[in-house]
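I opened my notebook to keep track of what I looked up in this protein. Here are my entries, in the order I made them.

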Amino acid sequence: MSTDTPTAPESGAQVETHAFQADVQQVLQLVIHSLYSNKDIFLRELVSNASDACEKLRFEAIAAPALLADGGELTIDLLLDADARTLTIRDNGIGMSREELMQNLGTVAHSGTRRFLDSLAAGQRASGESIDAQLIGQFGVGFYSAFIVADRIDVTSRRAGHDDAWIWRSNGDGQFSLEAAPADTPRGTALRLHLREDAGDYLQDWKLRSLVRTYSDHVAFPIRMAAPAPKANDGEDGEDGEEAAAPALETVNQASALWTRSKSDLSDDDYKAFYKHVSHDFADPLAWTHNRVEGNQNFTSLLYLPAHAPFDFQAGRDERKGLKLYVKRVFIMDAAEQMLPAYLRFVRGVVDSDDLPLNVSRELLQESRQVERIKGALTKRVLDQLEKIARDEPEQYTTFWNAFGATLKEGVVEDGANRERVLKLLRFPTTRSASADERASLDDYIGRMTGLQDEIYYLTADGWNAARNHPKLEALKARGVEVILMHERIDDWMSGYLHEYAGKRLRNVAKGEIDLDKLGSAEDKAKQEETAKAAAPLVETLKTALGDRVKDVRVSNRLVDSAACLVLDEYEMSLQMQQLMKSLGQDAPASAPILEINPEHALLKRVAAAQDDDARVADYAALLFEQATLAEGGTLDDPAAFIARMNRLLVG
Ligand SMILES: Nc1ncnc2c1ncn2[C@@H]1O[C@H](COP(=O)(O)OP(=O)(O)OP(=O)(O)O)[C@@H](O)[C@H]1O
């Protein structure tokens, strides 16, 4: 068997020329520019493609065993020709038909690359230099990375089960050609790279071996290279080399699926390299967990936590590719959606089941009780892992939290069964934090609760400043009571599902009444009652002035420095949520809030003094209501009227 690609067809064979889709040219330029200093990655990408091709063939052969008939073991060969300055990466995997060559290599078919392009600003697109390698790496540049080291590429391929074979050629300048390949072309794909002047390193056998060991050792198929030739018959080869014995090939990688190997055989570097293979991330993972479960379910899982979020991560709630499902070492499909709950969609890795049928379909996965059990076990693993990091490596946990904290919060809503465990993992700033980044866990908070406090207090607001300066915190702050500040978008939604943690009730101080009696002294209570009594006429005046804009007006026990605030009943939807729903064109239950006032405040004293002047009282009342709305992060129905009113009072 020849060790190189088949020769070009005899002259006269028809060669068609096609133009690349416009975007391909851009991708090529970007890849070549941004990865120039990172050339080595091309080999990892191409070996990865070859390995995918072998996996695809093995999968298709489950239903059609004949596809495997004409070849022995599935392998990936790296063949060097120093004289011709070529490196050939050849696999006997699934191969590509003529249409597939056109589609896969001539257009930006790969959704990751597409998204990458879409995410670049037009200016950046034009000048590839400004894109950093980290960024491009998150998308997996795949085949096009070959052009970093090659100025001409010939791809010869025969699709498994097809009689015809094709050669795709391009020098990356906007066009590619297609022609028929000789009939004896073996199954699979051979990429022959004509190396650039400055890529001569890759003609060195040791260099390739070391790259394979570093990046592709874990690839499950043998990666073979020519064994060192015996010195004896040097220079004896015939001119055309036609009868020269093909050098024997030897396997240069471990060639066993990494997750099937025992933990003790694997180094951190092995795990890290495998992570890069499955995730297309350039950076190292934050942590991993590798387990084999035996019993009535038999499966192996290797799960990774990335250290940073791909930058289009949040957008991808429904597009999840993180977890690969294997059945008895055969790759079946990307199945993160079936195997992990959505709030853990940042997890990357592999699950290999011994029990699922090889021909399992997506639909079957959805209904399978076995899958349900695996999903439960994986969820537990990830939560265990996170707990461990949170406990033992707080700095690492902060890195994790910064990347995926908001995603994890979805678990409070989504995973009722594990709610307590998810809550334990959450981190929030509190009224004791100097900045939004100074966060505490609920356990930290409970540990700091004062003797009389038996509930966990939190406040939801739109933004850190709105939260930390919120009027509703005043009385609690004055009493030295710590309050958790939930200031992110998702918090308000999540807070609907916060009921209890560690046997303690979670209380939103923005809603309902809080019983400050147990936090304060008896004198406080007496004073409060006295103030309320004295302010009764003022309360009535404001109620009349505000009409149905409020459900009620009452004297507040939460305010110290502010004049007024708005309060909702405990189970009502927050003002922010109401506004959000309205902005999405949905009907929000428009519940009028309660206006709470602080009669000790100078402004309220003025209102009391102006009781006989109806017009003035009306202005004051509206202003109090509007101020309180703004403090809540709300917007005003009629801002111009608000300004006019304020000016009247300022001037008058
Ligand atoms: N050796 C190969 N054998 C068969 N098909 C291949 C081979 N190399 C590439 N392809 C096909 O070309 C397509 C495009 O390859 P490319 O490497 O650009 O993207 P990808 O592999 O889909 O993405 P990624 O590298 O991010 O996984 C692949 O999806 C695959 O269908």
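In what order do the four strands of the open sheet come? I found 16-15-18-17, with mixed pairing. Two strands count as a pair if DSSP finds at least two bridges between them. The edge strands are strand 16 (484-486) and strand 17 (500-501), each pairing on one side only.

Before going on, I noted that this is a predicted model, where local features need pLDDT of at least 70, side-chain atom pairs count only at pLDDT 80 or more, and totals for chains, interfaces and linings use all residues. Residues are numbered from 1 along each chain as its sequence is written.

Back to the sheet: I saw that strand 15 (residues 455-460) and strand 16 run parallel and are joined by three bridges. Leu459 has Leu485 in strand 16 as its bridge partner.

Next I checked the whole protein. I listed 24 helices and 21 strands; these are DSSP runs numbered from the N terminus, helices being H or I with at least four residues and strands E with at least two. Of the 652 residues, 37% are buried. My note on the term: buried takes 20 or more other C-beta atoms within 10 Å of the residue's own, exposed takes 12 or fewer, partly exposed is in between, and C-beta atoms are placed from the backbone.

In soluble globular proteins, nonpolar side chains tend to be buried together.

I followed up on Ala146. Leaving out residues up to four places away in sequence, Ala146 touches Phe42, Leu46, Ile153, Leu191 and Leu193. Touching, or contact, means that the C-beta atoms, placed from the backbone, lie within 7 Å.

Why does Glu596 count as buried? Because Glu596 has 23 C-beta neighbours inside 10 Å.

Last, I looked at Ala502, which has a positive phi of about 50° although it is not a glycine. Ala502 sits in the loop between strand 17 and strand 18 (504-508). I put Ala502 down as exposed because 11 other C-beta atoms lie within 10 Å.

Note on methods:
Contact = placed C-beta atoms within 7 Å.
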